[in-house]
Amino acid sequence: MSTLAHVYRARQRIAGRICRTPLVASPALARMVGAPVYLKLETVHPTGSFKLRGATNALVALAEQGVKRVVTASTGNHGRALAYAARALGMEATVCLSALVPQNKVDAIAALGARVVIVGNGQDDAQAEALRLARERGGACVPPFDDPLVIAGQATIGLEILEALPDVATIVVPLSGGGLFSGVALAAKGIQPQVRMIGATMERGAAMHASLAAGKPVSVDEVKTLADSLGGGIGLDNRHTFMLTRALIDRVLLLDEAAIARGIVHAYREERLVVEGAAAVGMAAALERMLSAERGALVIIVSGCNIDIELHRHLIGAA
Ligand SMILES: *Cc1c(COP(=O)(O)O)cnc(C)c1O
């Protein structure tokens, strides 16, 4: 069970380890949407994404129980966050990654001192290997999204948004496994039930979207996308994020690759931000005029900045 009380406990646990991130107005996007728009900048964490919140909350809790070894599977950013938090807490981390994970993310995880295992061609293979390693070598498995401590850590973003902007009407959240969405929605609707929660994701290979449509967790083929951090399944045995997302989501928006690329370019040119594809979906939705029907102040979560810098240069140059 995840409740608002768990979120406040998470905030206490991560205090002093995770900074309160900026919430900045975007006049350019406000013109597009026809309402005030704010960007919640989860790009400023030392590992370049919000995942440090959930990983830190989980690892501090595990360290308190005497756990010394942690294992995970990741599309990149969770692994990097786990490696960072493990090092800070003197724990040993193993991160299983599929061959789809970009090299810049692999390198960053290894540089933090974690053991990196490359396995298979999708997040599901990496997940299976993480479970196997945890059993074989001992250690706690810290999944990237389907875990109450991880969800509660990501949820601290929701607390920060509601405190900075109590009259927020709509929050747009990049959606993959749903840890970020579930957490933020839990916190935001827990404090202010009228807040509208929108999930944004890529058009192809969006497992949570397919699962919501099917009414149960289903797997999808993982395809290459600019939003690589949104790839991967939600787990056919999903225990938390599917139910939470289904209960708390008001609308799902799907962005194609060209729109995501325009979001990345907009972020750079107009907001002076380097963002990865997964973090650009909310801005892309605003640019596509998908948010024009929303009323009142809108917050877009900009979830991370870990884009391969050559890819970024190429996208900016091509636009
Ligand atoms: C993990 C991630 C997401 C999606 O989070 P979920 O909890 O899996 O839905 C979005 N953006 C970035 C940058 C991420 O690393």
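The side chains of Glu160 and Arg53 form a salt bridge with an N to O distance of 2.8 Å, a salt bridge being a side-chain nitrogen of Lys or Arg within 4 Å of a carboxyl oxygen of Asp or Glu. The structure is a predicted model, in which local features need pLDDT of at least 70 and side-chain atom pairs count only at pLDDT 80 or more, whereas totals for chains, interfaces and linings use all residues. Residues are numbered from 1 along each chain as its sequence is written, and side-chain values use heavy atoms, with hydrogens and water left out.

The protein is assigned domain 1 (4-49 + 147-318) and domain 2 (51-141), with bounds that come from an automatic or database domain assignment. To the contact, domain 1 gives 31 residues and domain 2 gives 24 residues, where contact means heavy atoms within 4.5 Å. The centres of the two domains, taken over C-alpha atoms, lie 22 Å apart.

The size of an interface is often given as the accessible area lost when the parts come together. Between domain 1 and domain 2 the buried area is about 2,400 Å², and carbon and sulfur atoms give 53% of this area; the value is the accessible area (1.4 Å probe) that two parts lose on being put together, summed over both.

Between domain 1 and domain 2 there are 4 salt bridges. Polar contacts across this interface amount to 17 residue pairs, both residues at pLDDT 80 or more. A polar contact is a pair of N or O atoms within 3.5 Å; within protein, one must be able to donate a hydrogen and the other to accept it, and residues adjacent in sequence count only if both atoms are side-chain atoms. On the side of domain 1 that touches domain 2, the elements giving two or more residues are α1 (4-14) and α7 (148-164). Helix α7 supplies the largest share of that side, 8 residues. Helices (H or I, at least four residues) and strands (E, at least two) are DSSP runs, numbered from the N terminus.

Arg289 lies in the loop between α12 (277-287) and β10 (298-302). Arg289 counts as exposed because its relative accessibility is 51%; buried means under 20% relative accessible area, exposed over 50%, and partly exposed in between (1.4 Å probe, protein chains only). Leaving out residues up to four places away in sequence, Arg289 touches Arg31 and Met32. Its C-alpha atom is 6.6 Å from that of Val33, although 256 residues separate Arg289 and Val33 along the chain.
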